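Visitor: Please take one part of this structure and look at it closely with me. I would like to follow it step by step.

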Amino acid sequence: MRVRFWGTRGSLPVSITAEDIKGKIVEALLAAAGRNLSSRADVESFVERDLPFAISHTYGGNSSCVELDIGTEDHVLCDLGTGARSFGLNVLARKGLRTPCTFHVFISHLHWDHIMGFPFFPHAYIPGNRIVIYGGHAGMEEAFRRQHAAPCFPVDFSRLSAKIEFVQLAPGRRVRHAGLDITPKLQLHSGDSYGYRFECGGKAIVYSTDSEHKTDDATATRDVVEFFRNADLVIFDAMYSLADTVSVKEDWGHSSNVVGVELCQLARARHLCLYHHEPVHSDLKIASVLQETLRLEEITRGDHTLRISSAYDGLEIAV
Amino acid sequence: MQVTAVRYADVLVVAVKGRIDYMNAEEFKAALLPYLGNCSAGRDQVVLDLSSLEYVSSAGLRVLMIAAKEVRAAKGRLVAVSLQPVVREIFEISRFTLVFDLFDSVQDALRALSPRAAAMSHGG
């Protein structure tokens, strides 16, 4: 199974600025001073190996969208944030306009940043495609229709050419779709959100975004730990610092890197991927949060080592 | 996990020992909060002595945040001292260094909060 991240930013899509790019170039040139970088291969090697990721790359700014590639013709996605547009264009480039495609989309919830990519998802406009949208909310179809309705968008939902279906899932009830065993979990978030545990070929991936964890609630913590139990990858909402989530941003429905590490350690998950980045955070800030999270794992490690990554638009993880 | 207290004049030094995680956070909360009942402007000030705290998880930090909020609302003073290196790093990573004034030792905190308490702690 391969997991591809098309959108990793929380709440609002953001774009890197001209000043940001200039800052990266200045840092890169300073780091290059005195080195022999006379060929393109030398430069590429320097950029890949010697520059910090936050200087040579960017974490990106698209809102939530993650692809689970299980090697079948059908496509599986989590959420339809603005990353869905990049994903759709990529599929079009690979398969062309005339290949009918089926998409299975698991929606965490209906807040705008998780569905706003759908009006720009090219396959919705092409006859012959099938899009099945799964989620726990009863009002899924209405939410999608409303974001296409005037005055929000010029093309009404009724004019979309793809066959679009909505399937409501029940929390805790394991179902099989698109070659995956899927268990949804109700999460703490304004208007509710749903996490998903996907299992296939002996591997387990958990997609858990927009979820607040009040870890002093021992019963709720045990439930989440069981949901994460022995997962090969946990994609986790780490938008805020722990201090923020228990003070000014309490009940905002998000979590922290600290809680992500704790839950994954308790669950003996193998890989934690920090996700749903705070939109005001720069690349350097996200990289610094990752470094701190790696250190936290190191100083709190028992007999189980947890791998930790920070998601970026374009990241691919083999599971 | 153990919570004990010693009074020096108007300062209560509350010592926390052991590990705090999601299993005993409620117990910690029940043990700590009664010591904060008189922590308000013109009354007690509280020093949390964390020198014997080996580990604190998010659930324990949440209790500390509740304590800090209660004391702030009463316009009292609550500080933390003598964090072990691991606990200090956890405070830094979770941004709790922005929540608490931290001191290196009980004596440093007493000197900053109350000269009378500092003198008493020296047996004066």
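Guide: Start with the layout. The model is predicted. In chain A, the C-alpha centres of domain 1 and domain 2 lie 30 Å apart. The domain assignment gives domain 1 as 2–15 + 60–318, and domain 2 as 18–31 + 40–56.

Now go to helix α9 of chain A, residues 283–300. Check its length. The helix has 18 residues, and at 1.5 Å a residue they should span 26 Å. The end C-alpha atoms are 26 Å apart, so the two values agree.

Next, which residues of α9(A) are buried? They are A:D283, A:I286, A:V289, A:L290, A:T293, A:L296 and A:E297. These residues cover an arc of only 140 degrees around the axis, so they sit on the same side of α9(A).

What does that buried set pack against? Within chain A, the partners of the buried residues of α9(A) are α3 (53–56), α8 (257–267), β12 (271–275) and β13 (307–310). Chain B joins in too, through its own α3.

That leads to the contact between the chains. Chain B puts in 19 residues, and chain A puts in 17 residues. On the side of chain B that touches chain A, the elements giving two or more residues are α1 (25–32), α2 (58–73) and α3 (85–93) of chain B. Of these, α2(B) gives the most, with six residues. Sorted by class, that side of chain B has 12 nonpolar, three polar and four charged residues.

How values were computed
Residues numbered from 1 in each chain as written. Chains lettered and ligands numbered in written order. Predicted model: local features only at pLDDT ≥ 70, side-chain atom pairs only at ≥ 80, totals over all residues. Contact = placed C-beta atoms within 7 Å. Helix = DSSP H or I, 4+ residues; strand = E, 2+ residues; numbered from the N terminus. Nonpolar A, V, L, I, M, F, W, Y, C, P; charged D, E, K, R; others polar. Expected span 1.5 Å × (residues − 1). Buried ≥ 20, exposed ≤ 12 C-beta atoms within 10 Å, placed from the backbone. Arc of directions from axis to C-beta. Domains from an automatic or database assignment.
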